[in-house]
Structure formats: structure tokens, C-alpha cells
Amino acid sequence: MMHKLIYHLGQYFRNPTLKKSYRFLKTTENWSLEQLEDYQFKKLKEILILAKENSTYYKSKYTNINIHDIKTLDELSKIPILTKEELIENVNVIHTNLKFHKQFLATTSGTSGQSLKFYRNEEADSFNRAAIQRGYSWHDVNPWDRNGYFWGFSFSFSSKIKNRILDKLQNRFRIFSFEEKSLKNFIKKTKNAIYVQGYSSMIYQTAVLINKLNLEKPKNIKLVKGTSEKIFDSYQEEIKKAFGLKMVSEYGATEAGIIGFECDNGNIHINMEGVYVEEINNEIFVTNLQLKSFPIIRYKLGDYISLAPRNEECTCGKKHLIIKEITGRVGENIYGKQNLYPSLYLYYIFKNISKKENINLNYQVLQEEKGKLVFLIQNQIEEDLQKKLGEEINQHFKDDIDFVIHTKAELKKSKGKLKNFISTINE
């Protein structure tokens, strides 16, 4: 009861429109597909007009486009696409000139080697959070329930203190380590948890350890939610054995918002009230229908997906369109001389450098041999910063990884996609 009260108080002050958005989404989850698409078209026209009138970037990009010529959702194809490179290069002029009561600074993880910072208006942020809360409700879970969190990693004392306070307030406990001692301690805490969430590869590793050591299985888990990485089918057997149920997917991106959430019948339903999704040659293009401070329109996210046929309905009763397969996000491991590390360590290395040195580096890390990493930095950086980057790397991997840093380096593509970590090691 106390954590429920804390949650609602926090929501009242931070996200005052969340409650309204959640009520709306709980109503629309019972709408027909036609009603959902009518709403999408209405919001689509609104965001197109708003962007053209209030964003310097879109005003220029849409100079020769008459928004009023678009009469159906399919005619969105008349609008030019937006690439990640364009988004990053034009971040300042993409922002609209509208005034909002409240905005939040959002930062992407930089999994393509490039990070993005932009402002999200409170209404859009609340709508996004409400979409997540609705997804939880499909599994009889509340956001204030006791939960395990595979997320967040920092060595700074102030960050640790801040995380501990936030975790206490949000009724959660977290981990970000493959070390057996840490995992065992985390597993003990799951006895009273209602759900666990976070990086899918870490949840899988935890399940493997529970099963391998024949540890006591959590009894009260209602939801195992994986995000940020692809959920491999091979994960599910171990996870179901350890937690009693399969891992479900929450699919989204910081800049695009929540795209889909998996129901208890195993289908990922598109958050049609929040985004409009196109599949072109198996690539996903996303338009955020709620984000007015930083319009995202026909955004080439960089993921490969497969949509279900329009007439395929889920037995859960919801009419929202279904994503059959997400193949674009792959969580890979880094191999040390002795230990195994999640590739998301790289994100935190560069995030910490960004915070400490106020610089965003375009980076890529290669591994062709266990215990060795090659860091490619696209920027030209001074020797002092190289030294600090080396110290940050050492802090994460200790003596278990040897590494070299190359600056002014050309980043490589893997299967046509720029990724921040490329490994050629196969176990």
C-alpha cells in the first residue's frame, strides 16, 4: 500500500497527465481495428501539420508537400523517410518552437555508435509510460509491485546512492553483473517479487544459474519482461523452467516510444494509439503520434521486423495489429580471459564518459579474440581523454580484457547495419 501511494504521488508531480492517458488506453484496447485506424489517421494529420508549421527542419523538408493531400494512412508513403543520421545531425532544428508546461531530457543508448539527446513533452512522456502500464495490466501486474531490475550500472558513489534511493521508492532491486555471487543474491530477492524486467540476455543468464544450481524457484512472479535486446526462442525453455513462465517482449526505442507490448497469449500488439508502424522490405518505419516537442515521422529505426497479416486476430480479443517477429535487436556477450560480460557494458562506459567529460563519442567495439577488444572512436580525441576512456574501460573489465583504442577511425557495418559491438566469436 505504501509503494502504491508513493507511485501515485510521484506520478501526480512528475507526470500529471499519465492517469488520463492510462484511462484512455484502457478504453481503446477494446476498440475495433477500424476505430484504432481512424484515431491513428486523425493524430497523423495533426502531427504532420504541427511539424510543418512549428519545426524548422520539417518546414524545409516538407516544402513541396501538401499535407492535406494525404487522405489515408497508406498515403503516408508520400512523406520522405527520416534516417537516424538525419535525426542526429538536425536535432536542434527538429525540435518545435511550441511552449510546453514541462519537458524531459531523453538520451538514447547509442547502440548504433551514436547517441541522441532530445526533449520529450510531458504529455508524450506520460502517454508512453501509460502504454507500458497498460502492458503490465495485461499480465495482472502493477508498476508499484515488487520487482527485479536488470538495468543501470555506475561506479560513481553519487549514482549508486541515487539508484538505491530510487529503487527503494519504486519497490525494486537491481543487478548488472554476471558474477555468480551477485546473481545468487539477486535470485534470493526474487522470492517476494511480482515481476522481473530488463535486458533479456541478463534474465536468461539468471535463469540458467537458477536451473544449474537447482536454486529455489521464485513462486510469485507474474511477468518476466525483456527489453532492449532480442529475445531468442532458445531463452524460453530455461526461463520458463526457472520462473514458471516465458519471457514477454516490450518493444520500443527512446526516440520512437513504445512500439509494442506482448499480451499473455504471446502476441506483440502494436501500440497503435501511440505510434504508426510501416514495414518496408522487412524494415520498420515508425511515426510517433503523440510527441509534439520533437516530431518523429517515418523514422527508419534500423530494426527488421515481420508484421502479421491485417486480418490476423489474437485470441486475447484485442484488435491491435501484431508484430510477428523482431529480428533487429541482438544482445551479444563480451568474452574476457576468464569471465563473460554483457555488451551493454559498452553503453555505460561511454555514458559515464559523456557525463564526466561532457562529450558524446561515436564509437564501435570489435572482438575477434577472447580477452581482447578494439575500440574504434570516430572522433579525434586528445591523449588525456584517451587515458580517461582507458581508465573507464579498466574499471569495468579489470585485468580480464586487453584493449586498444583507435581514434579518427572508420566505423564498420555488420550485415549492412552499423552496430556498436561486433563480435566474430562463436561459442
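## Exercise 1. A lysine in a charged patch

K351 is partly exposed, with a relative accessible area of 32%. The model under study is predicted.

Task. Determine in which helix K351 lies, and which residues gather with K351 in a patch of positive charge.

Step 1. K351 belongs to helix α12, which covers residues 345-357.

Step 2. At 32%, K351 is partly exposed.

Step 3. On the surface, K351 gathers with K117, K162 and K355 in a patch of positive charge.

## Exercise 2. A nonpolar patch

Task. Identify the residues of the nonpolar patch that includes L5, and state how much accessible area they have together.

Step 1. L5 lies in helix α1, residues 2-14.

Step 2. The relative accessible area of L5 is 53%; L5 is classed as exposed because the cut-off for that class is over 50%.

Step 3. The nonpolar surface patch is formed by L5, L9, Y12 and F13, and its accessible area comes to about 490 Å² together.

## Exercise 3. Contacts of a histidine

Task. Decide whether H95 is buried or exposed, and find the backbone atoms that its side chain reaches.

Step 1. H95 is found in the loop between α6 (91-94) and β1 (103-107).

Step 2. With a relative accessible area of 18%, H95 is buried, because that class takes values under 20%.

Step 3. The side chain of H95 reaches the backbone oxygen of V91 at 2.9 Å.

Step 4. A polar atom of the H95 side chain also lies 3.0 Å from the backbone nitrogen of Y119.

## Exercise 4. Salt bridges within a helix and between loops

Task. Compare the setting of the salt bridge between K43 and E46 with that of the salt bridge between K191 and E216.

Step 1. Side chains of opposite charge can pair when their charged atoms come close.

Step 2. In the salt bridge of K43 with E46, the closest N and O atoms are 3.1 Å apart. The two residues are three residues apart in helix α3 (residues 33-54), so about one helical turn separates them.

Step 3. K43 counts as buried at 11% relative accessibility, whereas E46 is partly exposed at 34%.

Step 4. K191 and E216 also form a salt bridge, with the closest N and O atoms 3.3 Å apart. K191 is in the loop between α9 (180-189) and β5 (195-199), and E216 is in the loop between α10 (200-212) and β6 (223-227), so this pair ties together parts that are 25 residues apart in sequence.

Step 5. K191 is partly exposed, with a relative accessible area of 36%; E216 is partly exposed too, at 46%.

Step 6. E216 takes part in a further salt bridge, with K219, at 3.9 Å from N to O. K219 counts as exposed at 61% relative accessibility.

Step 7. Elsewhere, salt bridges that share partners join R14, R120, D125 and R129 into one network. The count of salt bridges comes to 25.

## Exercise 5. Distance along the chain and in space

Task. For N281 with S306, and for I194 with I401, state the separation along the chain and the distance between C-alpha atoms.

Step 1. N281 occupies the loop between β10 (275-280) and β11 (283-288), where N281 counts as exposed at 70% relative accessibility.

Step 2. N281 and S306 are 25 residues apart along the chain, and their C-alpha atoms are separated by 9.3 Å.

Step 3. I194 lies in the loop between α9 and β5 and counts as buried at 19% relative accessibility.

Step 4. I194 and I401 are 207 residues apart in sequence, and their C-alpha atoms are 37 Å apart in space.

Methods: Residues numbered from 1 in each chain as written. Predicted model: local features only at pLDDT ≥ 70, side-chain atom pairs only at ≥ 80, totals over all residues. Heavy atoms only, no water. Patch = residues over 30% accessible without salt bridge, like charges linked within 9 Å, V, L, I, M, F, W, Y side chains within 5 Å. Areas by Shrake-Rupley, 256 points an atom, 1.4 Å probe, with all protein chains shown as cover. Salt bridge = Lys/Arg side-chain N within 4 Å of Asp/Glu carboxyl O. Lys, Arg positive; Asp, Glu negative; His and termini not counted. Charge placed at Lys NZ, Arg CZ, Asp CG, Glu CD. Helix = DSSP H or I, 4+ residues; strand = E, 2+ residues; numbered from the N terminus. Buried < 20%, exposed > 50% of the residue type's maximum accessible area, 1.4 Å probe, protein only. Polar contact = N/O pair within 3.5 Å; in protein donor to acceptor, adjacent residues only side chain to side chain.
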